[in-house]
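Here's a walk through the contacts in this complex, taken one pair of parts at a time. Have a look at the model first, then read on.

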Amino acid sequence: MRFESPDTIEQAIGLLNTCEGTSRVLAGGTDVLVQLRLALVEPELIVDIKHIAGMRDITAEDGGFRIGAAVSGAEMGEHADLVALWPGVVEAMELIGSTQVQGRATLAGNLCNASPAADSVPAMVAANAVATIVGPNGTRECPVADIPVSPSKTSLTKGEVITSIYLPARPDNSGDAYLRFIPRTEMDIAVSSAGVSLTINCDGVVTQARVSLGAVAPTVLVVEDASSAIIGTKLEDAAIATLQAACSAACNPIDDKRGTVEFRTKTAGVMAKRAALIAYSRAGGSK
Amino acid sequence: MVTEYKEGSVGAEFNKREFKVVGTRPPRPDGVDKVTGRALFGADFTAPGMLHATVLRSPHAHARIVSIDTSGALAMDGVKAVVTSEDFVKQTSSGNQDTLDNCMARGKVFYDGHAIVAVAATSVKIANAALKLIKVEYEILPHETDVDAAMLDSAPVLHEGRKFRNIPEGNNANVSGYWEFGHGDMDEGFAKADIVIERSFKTAATHQGYIEPHATLATMGPDGRGEIWVCTQGQFMVRDLAAAFVGIEASQLRVTASEIGGGFGGKTTVYLEPVALALAKKSGRPVKMVMTREEVFRASGPTTSSSTDVKIGMTKDGRITAGQAKLRYQGGAFPNITAMLGAMTAFASYDLEAVQTQAWNVLTNRPKQAAYRAPGAPMAIYTVESVVDELCQKLGLDPLEVRLLNAAKKGTLSSYGPTFDEIGLVATLEAAKAHPHYAAPLGPNQGRGVSCGFWFNFAGNTSVSMNINEDGTVAVIEGNPDIGGSRASISMMAAEELGIPLEKVRTIVADTNAIGFNDVTDGSRVTFAVGLATIKAARAAIQNMCGRAAQIWGIDADAVDWVDGAAVPTGHNAGDFPPMSLAKIAADSAKTGGPIAGHFEVNADGAGVSFGVHLVDVEVDPETGFTEIKRYTVFQDAGKAIHPDYVEGQMQGGAVQGIGWALNEEYIYGEDGKLQNAGFLDYRIPVASDLPMIDAVILEIPNPGHPYGVRGVGETGIVPPLAAVANGVSHAAGVRMTELPMSPPRILAAIDGAK
Amino acid sequence: MSKIHVSTSINGDAVEYLCEPEETLLDVLRNRVGLTGAKEGCGSGDCGACSVALDGRLVCSCLVLAAEAEGKTVSTVEGIAEGENLHVLQQKLLDHAALQCGICTPGILIASKALLEKNPDPTETEVRYWLAGNLCRCTGYDKIIRAVMDAAAEMRGA
Ligand SMILES: Cc1cc2nc3c(=O)[nH]c(=O)nc-3n(C[C@H](O)[C@H](O)[C@H](O)COP(=O)(O)OP(=O)(O)OC[C@H]3O[C@@H](n4cnc5c(N)ncnc54)[C@H](O)[C@@H]3O)c2cc1C
Ligand code: FES
Ligand code: FES
């Protein structure tokens, strides 16, 4: 194994593109090192991207925020303006692992690890986040939702690196939230999860909404029926019940050591319901 | 919080003694080393020229080993030695042979993770690479990991042709042990009942979960002398087993116990030690071995899983008329007696006219179980306490009143045979009843659970030496690894008995060549048995010192007493001398006959059983099945709390391990017989945010078998939480839970099923 | 395969080491630098026994490649006391009997020190969540939480 920590993105891409065997980008390393330890991968090349300019910055841009691919969860949590704009995305990121893991783990790493249970991904998808990807053929933008294609697989091609993730501006009276179900209070991988982002008008009526689910399908799900269930409502009980049912209906989970199909299906709806209520109150709605 | 026991003859007599050091809370002697990173644990040892060894483990749950070819590994650069079962000596005792076969599979692998070959090389990386070059040909056999299924005639047989003793007709060849306990007429007992409840329960296997993986360093020269440094609960056990397996005499192997990062029973046997020693012998170099966390889960002993049928009868006013339990335990691929301990403890809290328990141990394709805190008792008592709770619920009776009505007390013929001496169950139940926790209001979706718990405690072989240094300080030398602060308690008992300040005493845990034999640190025995031996050793030293004073004063040795750390004449008739302090006697020792020491060796008994009662409030989320522990209080009889902080610590730690067992911990096997959750991510032990403070109320009902009244406290605390939490959850969720762990999917399914 | 040369500062001392690319910071601290205070309980980020501060940030040293420490500062349990004087947290862990076996203690110390530097007045819940990645199997956490809260109070007072 070779370890490189280039200073420029061009060098990084060059290294990755010319490596013939398996290579791995190293951001926070909280997935990569575990995989090395368990000998799940034996890469020829590791490219640490933390020394590349801009990778560690959170920058305000067009009313939203651009988050460098090497920014840790802890750094996101310490950024008051980011927390104010996208509390749900930040809370999703901060749910990952322990305080120690937070000191290293990144949004981009969580996304590229492509676990169906990745916590930040449903929140980013609900937020319509967009990744900036640089590769041998230049730079492209890609909605976060289109990056994971199946468990452990992304749509990135050889030599491509995510350099940042953009969380867009949002109208006033918007709120987002993310909730997951785990058997303990910390240190578990999500058994089911939901992200909700919504905007309300001055009457408290939901005008836009996006609802996503994690850990209940091979990749993150966007549940259109759930958003349409609450658009035009003030999250009355009936609307919430429809959202919950729509979420459960959308689930396509597996039975494994972490949960049963039945359990995941049911709790995903519960998480979505509760997340919607939190997002609504963050948007300024009162019930 | 310590509640003093006021009534009762024994209590009164013990309470007359005014302790000066015992019962205080001084800082522990090994504390500074442990907060500064200086303390050396198992994996912290190195030796010049040291090799690293790793182990090839079975990927199959059950297979015959057709052949092993290690030539590829041996040919690799940096590889220095390879061992298989062929490199060990055949044992005469079947128990030892089982332990050896568990260390290195012989002919057959019995579980996923079973060790087959070990390689010593100049680095871990090379050793691991060499493992990949070893070719093992397997004949894969059908496997079984479930206790009930392994008892069926259709189950694959693990040890073909092996006969086990005292197995009744009608059991299959996997049943390796059968036991029965009880007394009275069961039919008559059940006939007297107004209500009888019969239920079946299951509990999953759990792991001790010590944070420090097994680690050892062994050396052995061509002269056949060896040394082992190891994190273990018993250096003498390691010496005896490793020496026997490698074929050397005990005196030729010196074993030093490192600081130990948790054991809870799991480090009372050997895994790596004989292997490292054999590799050291073959390579002529020191060999270090450290398990990965995955290996700890796959290949070191968890506890047993169980399947139990319980039947209890009760009168309308809460008197238990009869209790019966059939306990089936599996503890992996080799015989063990945990089921027997379950059968003995199941009904120990009750004074019963009719009681019967039967226990079976069944062999399965899982790792060889190891002791885990009160082995066998938590799962047995869980079933009985659950049914007692349900009877109380059905009859509308207060669960503590019912337990008080039926509680075992002095003179009770216990369910497992002996008649109880002075015991603390009634006092413990009364303390729980009087505690504000029991009267506190509950919120929505909350439930309160109660359970009693019991453990025998053990005493056993113990040796202690005590040297009185010339500067008036004292060295206590004992042979039991300190797993939770015992050196503090031992020093305190030495200081108390000698009448000197605690700072003057230093206690060390010696290696196998420096002190007489000691049983392993288990059975909650150390503060009891080592404490007892320390007090007796101090008395021997005192006698010696009184003799020295008598010599100096020119009076009869009988005319000297020991008071507050000094020799004094017994009265005016004996002579009029000012007290002669320990320091003075020690300083003059060269002139009065040489060094002063005391020692004591014993195979102790009289450990004194211990009872506990736990109260817990839980809240269950009806939409997710998630359980939150809202409040928890432990009441336990310590006999005498030498260092109350560490007694509380045992109670709290035991309670939390029990909470983990009740809610989330379990060994999960796939259809393929492989362990699916061999890591802390999915083997879910409680984390700090899962818990409230654990209130600990110590009761002191002195144990007549110990000079200060001590009872072991290490194990009882893990016994009640399983039923306490299960009873709380059953009330909160409105449905009786009969399987552990009560993980959220299971609770939610039960809630939905009850609708 | 050649080794990587790393210059770093550990507990205030300049330290250089050679490491293999796949070695973790924990491996190097324990096996090459001779600092065995950080413990390996899992090697996969689950137990926190290997906690260190890397450029002041709390991390699991088992999840950091040794090569990544180039130019960084590393703080381990060995660097918490100043000479003969224990840090308040160390003293409070002792006073509250907040360790039984002590294998989790180095990680608990490093993690709670990082907490109090960031939040001098944490609630019990905050302490519990901050320390959720530091497994302790012996104590049930009760005395650890009390010790950290008490240390926080004393440090605020001082
Ligand atoms: C103890 C523990 C607990 C955890 N708990 C959770 C949890 O609760 N929820 C959860 O979702 N995850 C959890 N994880 C997994 C992990 O922490 C997260 O997935 C984390 O966000 C990964 O980020 P990272 O920067 O550490 O990724 P890395 O390990 O650095 O990388 C992860 C993957 O992404 C690739 N990669 C990283 N950055 C880029 C990039 N910029 N461009 C292209 N590819 C890239 C890497 O090559 C690798 O394949 C846990 C891990 C541990 C060790
Ligand atoms: S050893 Fe690093 S977290 Fe367990
Ligand atoms: S004191 Fe033993 S793990 Fe914490």
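Between chain C and chain B, 23 residue pairs are in polar contact, counting pairs with both residues at pLDDT 80 or more. Chain C's face toward chain B draws on several helices: α2 (88-95), α3 (105-118), α4 (124-130) and α5 (142-157) of chain C each put in at least two residues. Sort the residues on that side of chain C by type and you get 21 nonpolar, 9 polar and 14 charged. Keep in mind that this is a predicted model.

How many salt bridges does the rule find across the interface of chain C and chain B? There are 6. One pairs Asp44(B) with Arg30(C), where the closest N and O atoms sit 2.7 Å apart. As for who takes part in the contact overall, chain C brings 44 residues and chain B brings 52 residues. Together, chain C and chain B bury about 3900 Å², with 58% of that on carbon and sulfur atoms.

On to chain A and chain C. Here 26 residues of chain A touch 31 residues of chain C, and the rule finds 5 salt bridges across the interface. Lys50(A) and Glu68(C) form a salt bridge through their side chains, at 2.6 Å from N to O. The polar contacts between chain A and chain C come to 9 residue pairs, again with both residues at pLDDT 80 or more.

Which elements of chain A give two or more residues to the side that touches chain C? They are β1 (2-4), α2 (32-37), β3 (45-48), α3 (73-77) and α6 (99-102) of chain A. The largest share of that side is 4 residues, and α2(A) is where they come from. By type, the residues of chain A facing chain C split into 10 nonpolar, 8 polar and 8 charged.

Interface size is often quoted as the accessible area lost when the parts come together. Here are those values side by side.

| Parts | Buried area | Share on carbon and sulfur atoms |
|---|---|---|
| Chain C and chain B | about 3900 Å² | 58% |
| Chain A and chain C | about 2200 Å² | 60% |
| Domain 2 of chain B and domain 3 of chain B | about 910 Å² | 66% |

Finally, a word on confidence. The model scores ipTM 0.98 and pTM 0.97. Chain C, which touches both chain A and chain B, averages a pLDDT of 97, and 99% of its residues score at least 70.

How values were computed. Residues are numbered from 1 along each chain as its sequence is written. Chains are lettered from A and ligands numbered from 1 in the order in which they are written. Side-chain values use heavy atoms; hydrogens and water are left out. Contact means heavy atoms within 4.5 Å. Buried area is the accessible area (1.4 Å probe) that two parts lose on being put together, summed over both. A salt bridge is a side-chain nitrogen of Lys or Arg within 4 Å of a carboxyl oxygen of Asp or Glu. A polar contact is a pair of N or O atoms within 3.5 Å; within protein, one must be able to donate a hydrogen and the other to accept it, and residues adjacent in sequence count only if both atoms are side-chain atoms. Ala, Val, Leu, Ile, Met, Phe, Trp, Tyr, Cys and Pro count as nonpolar, Asp, Glu, Lys and Arg as charged, and the others, Gly among them, as polar. pLDDT is the predictor's confidence in each residue, from 0 to 100.
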